[in-house]
Amino acid sequence: MPLNVRTRRSRILISLATVVTVALAVWLIVALTVTTYEHTSPRAARDKATGTVAGPVDCRKAKCVALTFDGGPSPTTPRLLDILKGDHLHATFFLQGKGHIDKHPDIIRRIADEGHEIGNHTWNHKRLTEIDADDARHELTRTQDAIEKVTGTRPVLMRPPQGRTDRKVAKICRELGLAQVLWSVTAKDYETTDSALITERVLDQTHRDGIILLHDLHKGTVPAVPGIIKALQQRGYTIVTVSQLLAPAKPQPGMVYRP
């Protein structure tokens, strides 16, 4: 084979190898920084934990489901609290800062005083994966500070807007002492005011150890809650907070919990 042909072939092979190497490097960076993070399910967390459950419900024995609400507090939240109080139930509220925490501190005090669990849902509801680390940290710390100012306690749970998370977000949450909580049931109540449809969607998706996501600020949601509670209880479910669902495991900062 002539020397110039061999040289040209070698250059082509080197170029192809370089392209493949670069492509693999890019894929690895994306995989490590965007798509991978530590995660577990509530049941798996419980199975690995030892000790006893401090509260009245042991979800290792009971058929549990966690009830959670995002985006409040709002003017409709007191009615929701009345419903939960009447049924002797507690839920987890992931509170949002701008337009909510800053406007309704009295409702937050009531949420805390009545024994509900409070989590962080950022200040401006930005997708944390799409902003830089400093902005993401600020979204969470500002909300942490505002909740602590009202209740005297900093949350240990957060819910990333739209469930968007990655290694960057997990690292920030680990530094701030926040576990991430996703969900297994969504009624997409932001799309409809039909309370019957919201109820149907929740019941169709709910299974043991699930986490239900609702938004107490939307018009059709709070009216749906009594029917959801009644139907779930008729099916043998015990309605709990996220921390009760995990117990005796403790929420681990940075970890993503998803059923």
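Modeller: Contact here means heavy atoms within 4.5 Å, and helices are DSSP runs (H or I, at least four residues) numbered from the N terminus. This is a predicted model, in which local features need pLDDT of at least 70, side-chain atom pairs count only at pLDDT 80 or more, and totals for chains, interfaces and linings use all residues. Residues are numbered from 1 along each chain as its sequence is written, and side-chain values use heavy atoms, with hydrogens and water left out.

Colleague: Which residues of α9 do Arg79, Leu80, Ile83 and Leu84 in α3 meet?

Modeller: Helix α3 covers residues 77-86. Its four named residues meet Val222, Val225, Pro226 and Ile229 in α9.

Colleague: Are α3 and α9 roughly parallel or roughly antiparallel?

Modeller: Axes are lines fitted to C-alpha atoms, for helices over the stretch in contact, with angles from 0 to 180 degrees between N-to-C directions. The axes of α3 and α9 come within 9 Å and cross at roughly 15°. Angles under 35 degrees count as roughly parallel, over 145 as roughly antiparallel, 65 to 115 as roughly perpendicular and the rest as oblique. The crossing angle therefore makes α3 and α9 roughly parallel.

Colleague: What is the orientation of α8 to α9?

Modeller: Helix α8 (residues 195-205) and helix α9 (residues 221-234) have axes that come within 8 Å and cross at roughly 40°. The two helices are therefore oblique.
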